[in-house]
Amino acid sequence: STFRNWRWFTLIALIGSLASFGSWHNEYGDSVSLLTSQGSLTIVFLIFVGATTLYHIIWRRAPEAFDHSLMVINAAAYFGISYGLLWDDFRPWMGGFTLLLSLFYGAIAYIAWVRSREHVYLSLMALGIALVFLTIAVPVQLGGPWISVAWAVEGAVLMWLSFRLGIYELRLSSIGVFGTMAVRALAFDTPVDLEDFRLILNLRMVAFGSGILALYLASYLTIRGRNALQEWEKDNLFRALLVGASFLTLWVSSAEVINAVDSGIVGFTGQTADSVKSLGLSLLWGVYASVVLVLGFVRGWRQVRMAGLGLLAVPILKLFLIDTFELERGYRIAAFLSLGGLLLVSGFLYQRYSGVIKGFLF
């Protein structure tokens, strides 16, 4: 395979080797040491790492889609079978094992890049495999909200490296990691134990706070490195990162308001507690929208102003469609007065910056 890139021969050899190993392990796996089983599998894995990379590295040939598929099949098979062999006895070390795989493919990516900079496809493919293993290593080794923290840091670092090294694909990986982090935070980090709940000073805020800061940092990097962006990224990427950061901010802030009432910290129960939660959410969304709107006016950011106006419409509609009928009288009056004050401030800003606003609207 070093001298002739016979892809189908390599594929058949890989499948046959894995099948032979499976048959052998099924017959003798219980009677030999784990070192023998894992060591043998590792030898097969390394043979086919060479069979799928050496031809391109030595002769500086650009790999095709079939070559990439062979690399992925070999890596995925080794990773999956190794987990099956090692999980019961070495569970605490599996994150480190996955990290070693990531570093191994990172080294292949570097060697391929140094050897042939005009054909970077092999390097990028190996780098992609390394990043996948790195992302998997986080939840395997860590637990709880620290998974989201690690993914947030990884996403920010990948975004920085994409500009530092000029590799567009790293930004795509960063977006994927940020998306995974957001889904993880929303689905697993949002619920908390109300019996031990502490407002703001809790692990949920650690998870969401790190993700929000990472997204804002990534959006700053896209502004600073705007000239290196692809055409479709110049507006869409910055906007998507800001929307993601704002959504997570509102989500975790709303969760804190709801849990503060449900946990009994504020000391309300029954219908009164529901009124406090509804009023608190309306005020939170209204204040946040006003801050976004003011920031858009002061900095002259058209898209931020538009987002602030759209967000301000949410608590206003909630006030007229829901709060008017469900809140107790005192809380209903407080909601109208509070949002009315926010609208007065917005009206003042419109009067102060009417020329700018008309320009951006019309």
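Analyst: Start with a term: a salt bridge is a side-chain nitrogen of Lys or Arg within 4 Å of a carboxyl oxygen of Asp or Glu. The model is predicted: local features need pLDDT of at least 70, side-chain atom pairs count only at pLDDT 80 or more, and totals for chains, interfaces and linings use all residues. Residues are numbered from 1 along each chain as its sequence is written, and side-chain values use heavy atoms, with hydrogens and water left out.

User: What makes Lys318 and Asp323 a salt bridge?

Analyst: Their closest N and O atoms are 2.9 Å apart. The limit is 4 Å, so the pair qualifies.

User: Why is Lys318 called buried?

Analyst: Buried means under 20% relative accessible area, exposed means over 50%, and partly exposed lies in between (1.4 Å probe, protein chains only). Lys318 has 13%, so Lys318 counts as buried. Asp323 has 0% and is buried too.

User: How many salt bridges does the structure hold?

Analyst: Nine. One of them joins Lys234 and Glu231, with closest N and O atoms 3.7 Å apart. Lys234 is partly exposed at 25%, and Glu231 is exposed at 64%.

User: Why are helix 6 and helix 8 called roughly parallel?

Analyst: Their axes come within 8 Å and cross at roughly 10°. Angles under 35 degrees count as roughly parallel, over 145 as roughly antiparallel, 65 to 115 as roughly perpendicular and the rest as oblique. The two helices are therefore roughly parallel to each other.

User: Which residues meet there?

Analyst: Contact means heavy atoms within 4.5 Å. Among them, Trp146, Ala152 and Phe163 in helix 6 meet residues of helix 8 that include Leu203, Gly211 and Arg224. By class, the contact has 14 nonpolar, four polar and one charged residues.

User: How do you know that helix 10 is close to its expected span?

Analyst: The expected span is 1.5 Å times one less than the number of residues. Helix 10 (residues 270-299) has 30 residues and reaches 44 Å from its first C-alpha to its last, close to the expected 44 Å. Just after helix 10, Gly300 takes a positive phi of about 70°.

Definitions and conventions: Axes are lines fitted to C-alpha atoms, for helices over the stretch in contact, and angles run from 0 to 180 degrees between N-to-C directions. Helices (H or I, at least four residues) and strands (E, at least two) are DSSP runs, numbered from the N terminus. Ala, Val, Leu, Ile, Met, Phe, Trp, Tyr, Cys and Pro count as nonpolar, Asp, Glu, Lys and Arg as charged, and the others, Gly among them, as polar.
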